[in-house]
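Hi everyone, thanks for making time.

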Amino acid sequence: MRTAPERHPAHPLAVVRNLGILAHVDAGKTTVTERILYATGTTHKRGEVHDGTTVTDFDPQERDRGITIFAAAVSCAWDGHRINLIDTPGHVDFADEVERALRVLDGAVAVFDAVAGVEPQSESVWRQADRHGVPRIAFVNKMDRAGADLDAAVASIRDRLHPAPLAVQLPIGAEDDFTGVVDLVRMRALTWADGSDTVTRGPVPDELREEAAGRRRLLEEAVAGLHPGALDEYCATGTLTARTLAAALRDLTHSGDGVVVLCGSAYRDRGVEPLLDAVVAYLPSPLDVPPVRGLHDGAEQERAADPAAPFVALAFKVNATATGRLTYLRVYSGTIGKGDAVWDPGARRTERIGRILRVQADRHARLDRAVAGDIVAVVGLKSARAGSTLCAPDAPLVLEPPGVPDPVVSVAVEARRTTDTDRLASALARLAEEDPSLTVRTDPETGQTVLSGMGELHLEVAVEKIRREHGLEVGVGRPRVGYRETVARGVSGLVFRHVKQDGGAGQFAQVVLDVEPLEDTGDGTPGFAFGSAVVGGRVPQEYVRAVEAGCRDALAEGPLGGHPVTGLRVTLTDGATHVKDSSETAFRTAGRLGLREALRACAMVLLEPVVEVTVTVPEDAVGGVLGDLAARRGRVTGSVTRAGAAVVTATVPLAELFGYATRLRSRTQGRGTFTARPTGYAPAPAPVPVP
């Protein structure tokens with residue numbers, strides 16, 4: 001084991017790396033994280049997912065299920081650099097954990113299975129990283145598996161994710177005989193003996209020398225085609241020095257024009273040290289990313305990553321533990337110490353920092369202070385939520401919070417004992433506080449408490465957490481999906497007059513509305529657009545804004561079944577006012593009631609959430625699986641054979657997938673697996689009339 005000394009005890013920003021581990025479920029993210037902690041000397045024993053001994057999967061449910069559910073932060077040192085690492089979930093139901101982690105990271109390692117290549121959720125998290133502009137390097141894991149193929153994995157990265165993959169390693173051996181890699185940048189061999197975690201550096205083996213030279217040439221050509229500085233040297237000398245090549249790879253990683261690809265087998269401790277070297281060499285420090293931007297009094301401001309600048313941080317995770325409330329922060333600028341006062345502009349209150357902790361998953365080390373670039377947890381904050389900005393009281397700034405997706409699955413929950421009702425309400429409130437993608441509401445018709453989230457597993461985990469941590473017996477209803485309503489054929493010129501006179505000042509507002517379908521922008525939920533075509537000042541501008549607010553109020557419940565309405569454009573074409581009785585309140589009411597009347601006159605369509613399902617089954621079970629998908633209203637979009645198994649992709653309504661895991665296991669004698677990722681909404685079939 002190679003343990004790198006900390007040569008920079010103060011950890012200036014240039015030697016800080018804030019990165020996440022991203023991947024599809026079961027690609028080996030947590031094992032990669034465990035091997036990083038072991039290689040850096042942070043832990044002295046390898047944790048294993050199947051044994052439930054990993055550092056980052058410390059929650060009992062994570063150990064029981066063998067998957068990562070909650071993003072976990074750890075910190076380690078390598079080659080004089082401080083690495084703050086977040087191990088993220090790979091299951092689609094916990095994509096919001098990934099979204100909040102990506103919001104505060106400077107870089108990421110995307111882990112891919114050497115057999116499967118790019119899988120559905122690895123594609124989803126890649127797109128999430130694209131939206132946040134997070135530079136990435138790729139690690140092709142499980143090179144020791146039967147059917148492992150680095151070239152095929154690189155091709156899938158190129159074809160499905162569309163970056164320029166730049167493979168900087170050549171594997172030595174294949175499958176069970178995988179023993180190391182050739183470093184194409186420095187043209188040397190890195191090998192690991194069986195039963196040893198120590199890397200041996202030596203010359204390129206004779207039998208691979210010609211192939212390594214050819215691949216180095218291809219790497220130089222690819223880099224020269226993307227990097228102007230490297231192109232100049234390549235044209236002048238016909239080659240690139242290792243120094244120029246490494247510098248160009250770093251620049252391409254930062255700009256997103258290229259993705260460095262490495263390979264290894266984390267489970268067998270092969271390839272982890274070169275991965276750490278690549279993290280240090282290619283991923284950015286807080287100094288290399290643009291200054292964070294925020295708003296103050298409506299004006300945009302920037303804060304550089306400078307410990308001497310005014311303090312600003314973003315809370316991205318909240319944990320309620322037995323020892324108190326932990327708030328995880330990414331410090332973007334400035335410095336905070338124990339006992340300092342900070343301003344929460346969202347809650348409009350001053351908070352005081354009780355303690356500052358360096359996080360090691362479920363263990364913590366106290367710190368005296370945190371500076372720009374740090375990811376830490378603090379104790380003592382009462383109002384901060386995930387997405388809250390904390391800043392210096394004399395230099396306020398509001399940062400953009402991470403987006404929160406709309407829930408797609410709901411269940412009714414109730415306490416088995418009526419005496420536990422208040423305790424259940426408190427437990428649900430704490431859940432929603434910790435996880436913004438969970439919402440709790442009371443059904444106005446039935447009076448039931450409804451818990452909504454991102455999927456069946458998401459809700460199962462939430463309910464089990466209530467049972468384990470609060471000791472409550474909870475009854476759960478059948479899952480229900482979140483439908484939407486949209487406009488298929490609109491109306492024009494609908495006149496609505498709101499008049500109210502009950503003593504004192506009255507209310508008067510008249511609006512004329514056009515409603516039409518809004519084109520889908522590509523994600524299946526086209527949303528809402530409002531415009532005004534009023535001329536001659538017949539409706540003052542402040543009343544136009546009130547009409548828009550009223551229309552947005554009306555979108556909460558549609559005429560078909562009280563579901564939220566999406567996919568429409570509303571245009572205010574005319575209106576009328578009263579010199580005394582017109583007000584913003586009157587026009588907001590007119591907008592709300594007028595749009596509700598217009599929607600009743602439109603041809604409406606019910607939308608249901610659909611998901612892309614990827615089913616992996618033995619070839620002899622394909623027929624039964626295809627028939628079952630067809631019975632679930634699935635539309636098969638592809639089928640390929642990979643490593644002796646059939647991989648079927650299909651688009652299926654989410655409502656038809658409840659209980660599918662059990663059904664699939666029974667049809668395939670426990671050999672079938674599936675994953676699903678949301679693709680948007682599609683029209684639901686019309687109900688069959690009852691004779």
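Let's start with a pair of helices: helix 3 passes helix 4 in a right-handed crossing, where right-handed means that the near helix is turned clockwise from the far one by less than a right angle, and left-handed that it is turned anticlockwise. Helices here are DSSP runs of H or I with at least four residues, strands are E runs of at least two, and both are numbered from the N terminus.

Before I go on, a word on the source: this is a predicted model, where local features need pLDDT of at least 70 and side-chain atom pairs count only at pLDDT 80 or more, while totals for chains, interfaces and linings use all residues. Residues are numbered from 1 along each chain as its sequence is written, and side-chain values use heavy atoms, with hydrogens and water left out.

Back to our pair. Helix 3 and helix 4, which covers residues 120-132, pack at about 30° with their axes 10 Å apart; axes are lines fitted to C-alpha atoms over the stretch in contact, and angles run from 0 to 180 degrees between N-to-C directions. Who touches whom? Helix 3 brings Ala 95, Val 98, Glu 99, Leu 102 and Arg 103, and helix 4 brings Gln 121, Val 125, Gln 128, Ala 129, Arg 131 and His 132, with contact meaning heavy atoms within 4.5 Å. By class, that gives 5 nonpolar, 3 polar and 3 charged residues (nonpolar is Ala, Val, Leu, Ile, Met, Phe, Trp, Tyr, Cys and Pro; charged is Asp, Glu, Lys and Arg; the others, Gly among them, are polar).

Helix 3, residues 95-104, is largely enclosed by the rest of the structure, because 9 of its 10 residues are buried. Buried means under 20% relative accessible area, exposed over 50%, and partly exposed in between, using a 1.4 Å probe and protein chains only. Among the buried ones are Asp 96, Glu 97 and Arg 100.

Now the second pair. The axes of helix 6 (206-226) and helix 8 (242-255) come within 10 Å and cross at roughly 50°. That makes helix 6 oblique to helix 8 (under 35 degrees is roughly parallel, over 145 roughly antiparallel, 65 to 115 roughly perpendicular, the rest oblique). This crossing is left-handed. Their contact has 8 nonpolar, no polar and 1 charged residues.

Last stop, Arg 355, in strand 19. Buried or exposed, or in between? At 25% relative accessibility, Arg 355 counts as partly exposed.
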